[in-house]
Amino acid sequence: MTFTTRPTLQGTFGMVSSTHWLASQAAMGVLERGGNAFDAAVTAGFVLHVVEPHLNGPAGEVPAIVATAQDPAPKVLCGQGPAPAGATIEHFRSLGMDLIPGSGPLAAAVPGAVDAWLLLLRDHGTLFLEEVLEPAIGYAGAGHPLIGRVGDTVAAVQSLFEEHWQTSAELWLRNGKPPAAGEMFANPAYARTLQRLVKAGQAGGSDREAQIDAARRAWGEGFVAEAIDRFSRESFRDSSGRPHAGLVTGADLAAYSATWEEPVTLDWNGYSVAKTGFWGQGPVLLETLSVLDALDDPHAYDPSTARGIHAQAEALKLAFADREAWYGDGIDVPVKALLSREYARERAGLIGGRASAELRPGRPDGAEPRLPAHAQRSAGRRADVVDPTTGEPTVKPDGVTRGDTCHVDVVDRWGNMISATPSGGWLQSSPTIPDLGFPLGSRLQMFWLEEGLASSLAPGRRPRTTLSPTMVHRDGAPVLACGTPGGDQQDQWQLLFLLRHLAGGRALQEAIDAPMWHTTSLPASFYPRDFEPAVLVMEDRLDEDVLAALRAYGHEVRLSGSWSLGRLCAVTRDPATGVLGAGANPRGMQGYACGR
């Protein structure tokens with residue numbers, strides 16, 4: 001029997017996997033009380049705001065992919081807010097900037113997460129708002145034992161809070177110190193915000209859906225929008241080193257609504273893999289799978305051998321180059337060409353016996369690619385001095401992350417399934433809004449301040465987010481939901497997991513526990529957006545002969561800790577038997593799966 005850090009769970013009633021045990025168990029409690037997978041996911045989402053505030057927040061964002069028992073076809077829930085009306089390239093240029101700051105009010109997109117969670121609850125849930133928010137209100141109001149990484153994050157930005165973000169210092173530096181691991185920590189202001197949303201909903205009548213819509217209005221047009229509008233006008237120091245006011249207004253929130261959209265899918269190896277549209281990086285995974293298939297080499301599917309790792313890393317580099325040239329919101333993306341077999345064969349032909357150090361976008365339909373000038377200037381530059389305010393996911397050479405993201409997967413006994421990746425609005429992203437108990441996000445840093453690019457900044461456009469949930473179908477039925485924190489690494493780590501589980505036949509937990517790696521040979525999505533040609537970051541559990549062979553291929557191998565890379569969550573359902581499964585990441589000793 002292969003040793004795993006924990007069992008692959010199996011049952012028939014319901015399964016939850018998330019990045020924090022309290023969120024997983026709160027969601028499981030909803031299933032036990034008769035709620036469905038979507039009620040449970042919303043509960044988990046709001047609990048994650050409270051228990052992982054350094055990884056996500058109410059003013060962040062959440063993309064999700066859902067399949068319902070009534071309609072198993074995958075649908076995308078887009079909770080990625082757009083650039084506010086005042087966010088123009090001209091505005092940032094007038095401030096002397098060539099990159100959008102990675103933190104501070106100026107970097108905020110319109111908050112999308114809360115409206116998306118509420119839209120999911122309205123359209124596919126069964127419970128009332130007060131029922132799904134009860135655990136989050138309890139943890140925020142009465143407190144919960146705080147994980148150590150929250151205090152570590154606060155310690156990293158303590159001087160910033162004390163000198164420039166006083167509202168954050170008031171919340172996070174009680175008695176002048178960061179919270180200690182295991183300390184009972186409460187956020188009364190956020191508890192009051194949630195309670196006010198519940199009361200606003202109840203004032204909307206007795207109908208469940210009407211109550212949820214009333215709460216959405218209180219968020220987007222009422223007291224929340226008013227508080228954000230007021231606070232956004234104040235200037236605070238950001239990662240540029242200077243103070244700036246924000247751009248998000250109450251009018252921006254009122255104009256925003258989360259949306260339901262069709263996914264982008266790829267038929268692969270007997271499965272259909274669904275991702276968000278090209279406003280996110282999700283299609284990178286599909287492009288990579290398509291190129292690996294075009295290599296017509298079974299060894300290319302093995303993430304544990306040098307031959308397989310080389311092929312996968314090179315395919316990923318090609319897909320990420322296309323991300324920089326072609327992915328974006330509000331533009332005419334050549335979707336069919338990028339995912340065609342002909343294009344995959346063309347791209348596969350570029351993979352040789354040496355590691356590429358170039359950024360090589362393709363020419364789908366013969367179109368000429370255009371890359372950001374900064375991405376080309378930054379090649380080979382590495383930010384050794386890490387600003388802890390600026391990014392969701394970056395993994396340092398020792399495997400330590402400077403922030404991250406969250407994930408939750410749920411499947412229930414009826415066959416409802418969801419994969420959701422909430423993020424943004426971290427406690428270190430922007431000053432706390434004291435009336436609300438949370439900060440704004442910083443997702444605008446995904447945009448380029450250069451005209452004519454696929455992801456150029458423009459009001460109303462969604463940032464080309466790294467958030468990337470995944471759902472897999474077989475014969476028209478959902479069989480797997482998975483995802484991971486990790487920014488630019490999200491689709492890389494998911495690739496290895498899918499290759500091991502779907503192509504290699506490994507059990508969920510075995511595929512999650514196996515050694516992980518990723519490449520940084522791509523323009524980083526987070527400020528200061530560096531590019532490290534030919535670098536492979538690898539857990540040091542990989543065999544030495546594999547590492548030596550990779551170096552011989554020309555890869556610059558950078559070793560990380562033994563259990564430092566990858567944050568996978570996953571749930572499964574066998575349509576033939578109704579048996580459900582779940583696995584969760586052991587790294588960081590925080591994620592957990594539960595079910596029966």
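**Close-up views of cavities, helix contacts and backbone geometry**

**View 1. The largest cavity holds about 160 Å³ of space.** The structure is a predicted model, in which local features need pLDDT of at least 70 and side-chain atom pairs count only at pLDDT 80 or more, while totals for chains, interfaces and linings use all residues. Residues are numbered from 1 along each chain as its sequence is written, and side-chain values use heavy atoms, with hydrogens and water left out. A search of the whole structure finds two cavities of 30 Å³ or more, a cavity being a set of points, on a 1 Å grid over the protein atoms alone, where a 1.4 Å probe fits but cannot get out, and lining residues being those with an atom within 4 Å of a point. Grid points are joined across faces, edges and corners, and a volume is the space filled by probe spheres set on the points. The lining of the largest cavity comprises 21 residues, and those nearest its centre are His49, Pro53, Trp172, Asn187 and Gly437. Two or more lining residues come from each of α2, α5, α8 (166-172) and β15 (438-439), where helices (H or I, at least four residues) and strands (E, at least two) are DSSP runs numbered from the N terminus. The lining of the largest cavity has 13 nonpolar, eight polar and no charged residues, with Ala, Val, Leu, Ile, Met, Phe, Trp, Tyr, Cys and Pro counted as nonpolar, Asp, Glu, Lys and Arg as charged, and the others, Gly among them, as polar.

**View 2. The second largest cavity holds about 40 Å³ of space.** Its lining is formed by Pro111, Asp115, Trp219, Gly220, Leu253 and Tyr256, a set that divides into four nonpolar, one polar and one charged.

**View 3. Helix α2 (residues 37-51) and helix α5 (residues 129-142) have axes that come within 8 Å and cross at roughly 15°.** α2 is therefore roughly parallel to α5, a label given to angles under 35 degrees, whereas angles over 145 count as roughly antiparallel, 65 to 115 as roughly perpendicular and the rest as oblique. Axes are lines fitted to C-alpha atoms, for helices over the stretch in contact, and angles run from 0 to 180 degrees between N-to-C directions. From α2, Asp39, Val42, Thr43, Phe46, Val47 and Val50 meet Val132, Leu133, Pro135, Ala136, Tyr139 and Ala140 of α5, contact meaning heavy atoms within 4.5 Å. The residues of this contact of α2 with α5 divide into ten nonpolar, one polar and one charged.

**View 4. Helix α1 (residues 21-32) packs with α2 at an angle of about 150°, their axes lying 8 Å apart.** α1 and α2 are therefore roughly antiparallel to each other. Leu22, Ala23, Ala26, Ala27, Val30 and Leu31 of α1 make the contact with Ala37, Asp39, Ala40, Thr43, Ala44, Val47, Leu48 and Val51 of α2.

**View 5. A cis peptide bond joins tyrosine 527 and proline 528, with omega about 5°.** Proline 528 lies in the loop between β18 (517-519) and β19 (535-539). A further backbone feature is found at aspartate 475, which has a positive phi of about 55° although it is not a glycine, and aspartate 475 lies in the loop between β16 (470-474) and β17 (477-483). Most residues other than glycine have a negative phi, and most peptide bonds are trans.

How values were computed:
1 Å grid on protein atoms, 1.4 Å probe; cavity = no way out; pocket = protein on both sides within 12 Å on 5 of 7 lines; lining within 4 Å.
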